[in-house]
Amino acid sequence: MQKENGKKEGSRHQELKFRTRWGWDGLSGEDRAAARKMAGEYMQFLNRAKTERESVKELIRRATAAGFVPLADRELHPGDRVFFTNRGRAVILAVIGQNGPQAGFNIVGAHVDAPRLDLKPQPLYEEEGLALLKTHYYGGIKKYQWLAVPLALHGMVSLGGLGEVELVLGEDLGDPVLTITDLLPHLAKEQMDKKMADAVSGEALNALVGGERLPGEGEEKEKVKLNILKLLSEKYGFSEEDFISADLSLVPAWPARSVGLDAACIGGYGQDDRVSVYTALEAVLGLGAPPARTALAVFCDKEEIGSVGNTGMAAAFFQDTAAEIYARCVPGFRELDLRRSLAGSAALSADVTAGYDPNYADAFDKRNVARIGAGVAVTKYTGSRGKSGASEASAEFVGRVRGLFNSRNISWQTGELGKVDLGGGGTIAYLLANHGMDVLDCGAPVLGMHSPFEVTSVVDVWSCYRAYQAFFETWV
Ligand code: MN
Ligand code: MN
């Protein structure tokens, strides 16, 4: 008797504990199938959107198919679906709410850029029978990860007033790829003795682009480089000077793939932050009846280098778009009205966080790290070493958000980016918070973040989608 009572008492108190709730456990067979279907479509999105320009193009294509129209000079009414682009590198999708912009916006913000290797303005040179392209890496990378992998060339070239050329080389199996070769282990003693950070220098990230000499008996120098220039001219119509006005990047040439015998995970390039981009897109496209508050899905550029520039989150683009929307809903509005509206808005900063990696257990506080497969991760603060640079969400806001997720049976968890003294990172959260609104970082956990092959979980992608959807649909 005594023992049985004790047992009951114990199980009653079990409910007081916060436990990791694995995303799979809460899914019905139907939900599992839906999550898998979304994962398949997400992988196709990753394959089509390897740069910020390609991402924005894909976002506009999907939005247009779902009835969104460019934000032209016209009145807006509840239920209207519009988008506003910025130089082909950032875009904001809006669904006008029933309560008008005075009631504030519900914002989910993600970034379309990802770490990569950009070509330098004068990239092409020849050395000892090989033609190479010099690169300057973009974002935080571990340089050695970009050696000895097939790389595809993506981007556009402006022909100095004579139009533009877009190009993608290396994605079709029949295409040649580029690659940055690594030193053979036989001769790598000096390299191997170096610290990992110093083993490969930025100036050594030169991609092999050619090796055939221009045919003919002529005595020209640099016949391999000349042959490459000839091919570039024939195939794409540009010359060496045009490299100076180009956005050309090298990205991993492989497609996204299912990972694991059970295909529980998704491996692919650029999931930071295109997992948030894709799930936020699905959430905003799927809005049926106009929500109470206007939904803004913000897709910005340059997050990986500090959100700077005219397409980054720090640019006027966001506030200007909000003002454009406000003005078309409420003609003759005052600037003060917009400021009030933004201060009363709510935002999820949709960005990835580090997932616990059993191979690198020492990097994480096991009690506070997000798990792959345990749902969308809510990160109260980012920053590094004493929360420096963090935009910390208030207890009240975190409380309301987790209440929402619980009420919709969305699998969610909490996360902190690694051990306190190890480092950290930031997101666009603080830039949204600068307007006065409540903001919470909220996204999928990732393994191998910033590597050429990042890994997420099928069930976490699903949870992100459901989290952003719930926020757009019901937040007031
Ligand atoms: Mn990110
Ligand atoms: Mn990142």
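Which residue of β13 does Arg257 stand opposite? The first legend answers this. All views show a predicted model.

**View 1. Strands β12 and β13 form a hairpin.** Arg257 stands opposite Gly267 of β13. Strand β12 covers residues 257–259, and its pairing with β13 is antiparallel, over 3 bridges. Between the two strands lie 5 residues. One residue in the turn, Gly260, has a positive phi of about 100 degrees.

**View 2. Strand β13 also pairs with β23.** This pairing is antiparallel too, with 4 bridges. Strand β23 spans residues 454–457. Here Ile266 has Thr456 as its bridge partner. Strand β13 itself runs over residues 265–268, and both of its faces are covered. Cys265 and Gly267 are buried on one side. Ile266 and Gly268 are buried on the other.

**View 3. Helix α2 has a buried face.** The helix takes in residues 29–48, 20 residues in total. From first C-alpha to last it reaches 29 Å, close to the expected 28 Å. Its buried residues are Ala35, Met38, Ala39, Tyr42, Met43, Phe45 and Leu46. Viewed down the axis of α2, the buried residues fall within an arc of 155 degrees, so they line one face of the helix. The general rule behind such patterns: an α-helix has 3.6 residues a turn, so residues three or four places apart point the same way. Turned away from the buried side of α2 is a face with the exposed residues Gly29, Glu30 and Lys37.

**View 4. Several elements cover the buried residues of α2.**

**View 5. Protein side chains coordinate the manganese ion (ligand 1).** Along the chain their spacing reads H-x160-D-x78-D. Asp272 sits in helix α7, whereas Asp351 sits in the loop between β15 (346–349) and β16 (353–354). The two residues are 79 residues apart, so the pair links distant parts of the chain.

**View 6. Asp272 coordinates two manganese ions.** Ligand 1 and ligand 2 are 3.4 Å apart. Is Asp272 buried or exposed? Its relative accessibility is 3%, so Asp272 counts as buried. Asp351 is buried as well, at a relative accessible area of 8%.

Conventions
Residues are numbered from 1 along each chain as its sequence is written. Chains are lettered from A and ligands numbered from 1 in the order in which they are written. This is a predicted model: local features need pLDDT of at least 70, side-chain atom pairs count only at pLDDT 80 or more; totals for chains, interfaces and linings use all residues. Side-chain values use heavy atoms; hydrogens and water are left out. Buried means under 20% relative accessible area, exposed over 50%, partly exposed in between (1.4 Å probe, protein chains only). Two strands pair if DSSP finds at least two bridges between them. The expected span of a helix is 1.5 Å times one less than its number of residues. The arc is that of the directions from the helix axis to the C-beta atoms. Contact means heavy atoms within 4.5 Å. Donors are N, O and S atoms within 2.8 Å of the metal (3.2 Å for Na, K and Ca); water is not among the atoms, so sites may look incomplete.
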